[in-house]
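Subject: The model you asked about

Hi,

Here is the structure I promised to pass on. Please open it alongside this note, and then read on for what turned up when I went through it.

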Protein chains: 4
Amino acid sequence: MNKNRIEAFSDGVLAIIITIMIIEIRAPHESSFEALEPLIPVFLSYILSFTYVGIYWNNHHHMFQSIKSVNGAVLWLNMHLLFWLSLIPFVTSWIGEQHFSAVPMSIYGFVLMMSAIAYFTLQNKLIHLQGKESILKNAIKDDKKGKISLLFYFLAIPLAFISPWISGMFYIAVAVLWIVPDKRIENLIE
Amino acid sequence: MNKNRIEAFSDGVLAIIITIMIIEIRAPHESSFEALEPLIPVFLSYILSFTYVGIYWNNHHHMFQSIKSVNGAVLWLNMHLLFWLSLIPFVTSWIGEQHFSAVPMSIYGFVLMMSAIAYFTLQNKLIHLQGKESILKNAIKDDKKGKISLLFYFLAIPLAFISPWISGMFYIAVAVLWIVPDKRIENLIE
Amino acid sequence: MNKNRIEAFSDGVLAIIITIMIIEIRAPHESSFEALEPLIPVFLSYILSFTYVGIYWNNHHHMFQSIKSVNGAVLWLNMHLLFWLSLIPFVTSWIGEQHFSAVPMSIYGFVLMMSAIAYFTLQNKLIHLQGKESILKNAIKDDKKGKISLLFYFLAIPLAFISPWISGMFYIAVAVLWIVPDKRIENLIE
Amino acid sequence: MNKNRIEAFSDGVLAIIITIMIIEIRAPHESSFEALEPLIPVFLSYILSFTYVGIYWNNHHHMFQSIKSVNGAVLWLNMHLLFWLSLIPFVTSWIGEQHFSAVPMSIYGFVLMMSAIAYFTLQNKLIHLQGKESILKNAIKDDKKGKISLLFYFLAIPLAFISPWISGMFYIAVAVLWIVPDKRIENLIE
């Protein structure tokens, strides 16, 4: 089964997820710089989530580049990943409007963690499909980045109740970790 | 006539339908877990409809994979299918906000039934175009799943007035029936 | 210059235009059939505009299928067409909410007329690019449908002030005229 | 690394950015021509921003046509460009609703300037990747248009506080400068 259409559909969903977050930021009803001030947390949450969806798109792109065909199970595991990512606009506007308070920050981490788990499940399925000589397996090796991310989300969820800023630091740390372009798969394909 | 662009347009529309439902779920104006409670029915309806649109995308993908070209009638029958599917976000937010009460649940079933009828009309046209040796015809055989789905919708629409939960069970049953990856066409192509 | 990306971008814009109209139809805050009644004009306007955008997508698809490459002027004429089509969701929700009253119905016709003019300008440019042996020119011949449509819009705009229903009839008539699959280009390509 | 998917994703994001601006323009609650009057500044800002996104799409299209492959850094620089462009719907509805007053007009220029800087950074990276015989480098030559645009934005940002109309003139001037189809790359490819 050809992989083009699953890529196109995922591109479409990710493009919408990354863009609809901006509709939820309403233009202020005044014309001053001060009118932008209450929007600062909303914009910060937008930047964080834009970066996360960007990371997912990049990794999804790299991952599918290494494979040649998909099957029915892959279609559903990909849909499962898109489901969790589709919740990002909701939690983004929640943390922004609630100024990064404890409960929303914890739920934000939960959505990121579930997205990461969905991603790993999909990745494992694709590795399994490629068999022993899996390019993907060789590329991610022991997937340190992935494991650290999961650990950080897992810590950030309860720690939000001690201080939401700790969770925030964890989310930023994971983003920084991944924003470095993933040369692993690129190198191997070359 | 080439099938690529009808696939691309359908992917776009389905990607938007599946994603805009989340915009209608507004972040709560408080920071507590309790603030999420009133959103539970809204989220349940989102999960159900996300799954349905996912099923339609998957089946659409499989169906078009088995064909090589399309004609003007196929373009319009596909547009007709997209029309009914485009009503899903509307009925989804209705059943969610009205806590799955009778009338919205019945109308939800009506939209699903019309979508299913539109899908079968399109499928029949494609089978007809392929002629006797139709891969699609061989793949769906007597299309038991399709017939059961239609029957379930047909029952669920009036039964919502006895108990909306019965209709809900029918909608979940149909989703479960289809979420099993459709190996029929895959097998035959192999 | 390759035509793939202009097709993909147009597909994206048209897919969004056709789908966002449904977000503007808010689910009623009650659970009765009566609660749907005030939405009837809104749904009728949705059906009409969905059909129109569907027609434009179909014709756009046929038109670009007959050509091989594009240039900078084509990119801009296509953007111009998309601009006018992007106003359709606005006028659609206006005529629906205002129960097809005179001014909105007249403006609706104006947007359709400008879209049609933008389409013809693009079409002429493409014919000009193909030169004497233009497949597109042979396909549309004297473009009767196009001319009738323009005439109908031109009449419908002022007639809305006598009776908006006359304009409505004209808009439906044009849609019916085009919904018949455009066999002209198909035939010639075969 | 193949460039198709970065084009498809960018097309999706740009198609959404260009189209969601229209959702923010709500249909008036009356049926008169006068009811459209207060929307005039909103429509003017829509036209300006539609044109800008159109220009970006056109230039993006030309730029990627001249290259053959991308790498991880290009993916991120492109994401960075899309981030700034995604802020256009926000500033567009702000300048429209605030009737082009000083602060919003200045911020509008800031978003355009950052988008332009993001575009040049991406362009430089692509030129660097192509090496000495860069088609892109030969096409843009000394990139006069780009430099003038940056200068105009840079002037328009503070000048908005003297008169927002001066800034408006600068934004229109830049749009006019680019709306002339970019024959530079086209010529060279031919």
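First, a word on confidence. This is a predicted model, and its scores are ipTM 0.91 and pTM 0.92. For chain A the average pLDDT is 91, with 94% of the residues scoring at least 70. Do keep in mind that where pLDDT is low, the predicted coordinates should not be read in detail.

Now the arrangement. How is chain D related to chain A? Turning by 90°, with 0.0 Å of shift along the axis, superposes chain D on chain A with an RMSD of 0.0 Å. That is the relation of a four-fold axis. In chain D, Gly12(D) has the C-alpha nearest this axis, 4.3 Å from it. Chain B can likewise be laid on chain A by a turn of 90° and a shift of 0.0 Å along the axis, again with an RMSD of 0.0 Å. Gly12(B) is the residue of chain B that comes closest to the rotation axis, its C-alpha being at 4.3 Å.

Some pairs of chains do not meet. Chain A and chain C have no contact, and their closest C-alpha atoms lie 9 Å apart. Chain B and chain D do not touch either, with 9 Å between their nearest C-alpha atoms.

Next, the contact between chain D and chain A. It draws on 33 residues from chain D and 38 residues from chain A. Together the two chains bury about 3,100 Å², and 71% of that is on carbon and sulfur atoms. Three residues, Arg5(D), Trp76(D) and Phe90(D), supply 27% of the area that chain D buries against chain A, more than any other three. The interface has 2 salt bridges. In one of them Arg5(D) pairs with Glu7(A), the closest N and O atoms being 3.9 Å apart. There are also 9 residue pairs in polar contact between chain D and chain A. On the chain D side, α1, α3, α4 and α5 each supply at least two residues, and α1(D) gives the most, with 10 residues. By class, this side has 22 nonpolar, 8 polar and 3 charged residues.

Then the contact between chain B and chain A, where the count is 38 residues from chain B and 34 residues from chain A. The buried area is about 3,100 Å², of which carbon and sulfur atoms give 72%. Within chain B, the residues that lose the most area to chain A are Ser31(B), Phe50(B) and Trp57(B), together 18% of what that side buries. This interface too has 2 salt bridges. Glu7(B) forms one with Arg5(A), the closest N and O atoms being 3.8 Å apart. Polar contacts join 9 residue pairs of chain B and chain A. The elements giving two or more residues to the chain B side are α1 and α2, and α2(B) has the largest share, 14 residues. That side divides into 21 nonpolar, 12 polar and 5 charged residues.

Finally, why do the copies meet through different surfaces? Only 6% of the interface residues of chain D are also interface residues in chain A, so the surfaces differ.

Best wishes

Conventions: Residues numbered from 1 in each chain as written. Chains lettered and ligands numbered in written order. Predicted model: local features only at pLDDT ≥ 70, side-chain atom pairs only at ≥ 80, totals over all residues. Heavy atoms only, no water. Contact = heavy atoms within 4.5 Å. Buried area = accessible area lost by both parts, 1.4 Å probe. Salt bridge = Lys/Arg side-chain N within 4 Å of Asp/Glu carboxyl O. Polar contact = N/O pair within 3.5 Å; in protein donor to acceptor, adjacent residues only side chain to side chain. Helix = DSSP H or I, 4+ residues; strand = E, 2+ residues; numbered from the N terminus. Nonpolar A, V, L, I, M, F, W, Y, C, P; charged D, E, K, R; others polar. Least-squares fit on C-alpha atoms with pLDDT ≥ 70 in both. pLDDT = per-residue confidence, 0-100.
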